[in-house]
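Morning, everyone. Please look at the chain on the screen while I talk.

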Amino acid sequence: MNAGRKFALTGLVLWLSACASGPETRKDSKLTGPEGGPVTAISTSPKPGDVKAGDAKPQAKEPAPVAKSLAGPERDFTSAVEVARRGELTIAEAALKALLEKSPKLSPAWTNLGIVQERQGRFPDAERSYRQALVLDADQEAAWDCLVRLAARTGRAASLEAELREALTKQDSVARRTALALNLLLQKKHPAAVAEARRALQVSEQHVPAMQVLAQVYAREGKYELASMVLGNALAIDAQDAATLNALGLVHLGLKERPLALERFRQAIALRPDFAEARNNLGTLLNQGEDYAGARVELEAAVKAAPDFAAAHLNLGNAYRGEGDFPRALAEYERVLQLQPDTKDVYFNLALLHLDLEPAGMDALERLQKAASFLEQYKSKGGTDERTAQYLKDAQKGIDRETRRRERERKEGLKKAAEAAKAPEANPTPASPPGPPATRPGASGKVSKDVQ
């Protein structure tokens, strides 16, 4: 494998640009955050006075998903959440539905049902569940977050924006205002996102989700110090908010503080093991450090938590490529194309996969021709990576070399065949010895007395 070749970047996913890390990655690669996967458990945040800025490394919180007065439903809900975290989605869905039959007004259960359905790839069902949660509790932050991100991933951010604006004309709400800010951020409408986040903070100055949106815009604009200040304030309010820690990790990367970034991503994962974006970010950095086995573990967890997370699938493909696993890398890249048919960078990475690995059973000439074809597709879709021309030359050189080799083999085969054909003329075959005399007609054919 040629470890010197580098992968392309994937497009925007959730926070900054999602990086397609490879055995070596471009220096300007950016990661994702802060909330890329839906939150499996809806936990209550500690009060501002419960934690202080600069506290020790945060520990994972026990889920506190519903009001204390709902002792029975809370117990059932917590159990269902833990089942979902173990990846037993069918069982978790059945448990949540059973709970909702008994307690249909339990808004967090509807949100978590939507999360489980989204992880199963059933997006319409997931959206209905999120919306039912909001019918019951219009200010539930987690339901809004899940709905906004689902709309963005499925290409319906603009329609949800119109819906949110109309709802705000009827009744203002910090939760709706923050949802609109996040929606605008995901559409890259940065000034409008800042305006909505600030309006939310004017009503509730300690509203952490609005702070996160504001910080994301600052980071996208390269204002890392300002983003760090905003996120520091958010961390002072809630030191155990995994999204804030993930966002801080990205800011540390912007400030060239890689060890601190790694630590922040790990802290976020400790708080929320199913946090797809944090897992993706950590896996991306491990890929960059050529720790492909470690990256694979994180990225497999990311796509398990968020099956529609295209950037994580792309990065997982890169980890498999780093380990020399052609079939699994190919499967992940093909999954990216299923999720994002219009993406271009995956073609670049597919080309490198076919250039650098030699899977058993694949014809060498066919492999190189595919590499060249993928690079041409990358160019036709608007890809502008400056390395494309050199990689096309590499592919063509390989094609020419393999074609010449086969031509030599063909000529040598013809030469040997011609020599074999001439051999009887140069060395005539001696006549066969005479056979036994023919039997006379009418002979008895008896066996000789000497032989019994």
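Of the 452 residues in this chain, 49% count as buried. Buried is under 20% relative accessible area, exposed is over 50%, and partly exposed is in between, with a 1.4 Å probe and protein chains only. This is a predicted model: local features need pLDDT of at least 70, side-chain atom pairs count only at pLDDT 80 or more, and totals for chains, interfaces and linings use all residues. Residues are numbered from 1 along each chain as its sequence is written, and side-chain values use heavy atoms, leaving out hydrogens and water.

Now the secondary structure. The chain has 19 helices and zero strands. Both are DSSP runs, numbered from the N terminus: helices are H or I with at least four residues, strands are E with at least two.

Next, contacts, meaning heavy atoms within 4.5 Å. Take those in the chain with a separation of 6 or more: 57% come from residues 24 or more positions apart.

Now two residues. Where does Gly 382 lie? In the loop between helix H18 (364-380) and helix H19 (388-426). Gly 382 has a relative accessible area of 42%, so the residue is partly exposed. Lys 344 is 38 residues away from Gly 382 in sequence. In space, the two are 7.3 Å apart, C-alpha to C-alpha.

On to Arg 401, in helix H19. Is Arg 401 buried or exposed? Exposed, because its relative accessible area is 51%.

That's the tour. Please keep Gly 382, in its loop, and Arg 401, in helix H19, on screen for the discussion.
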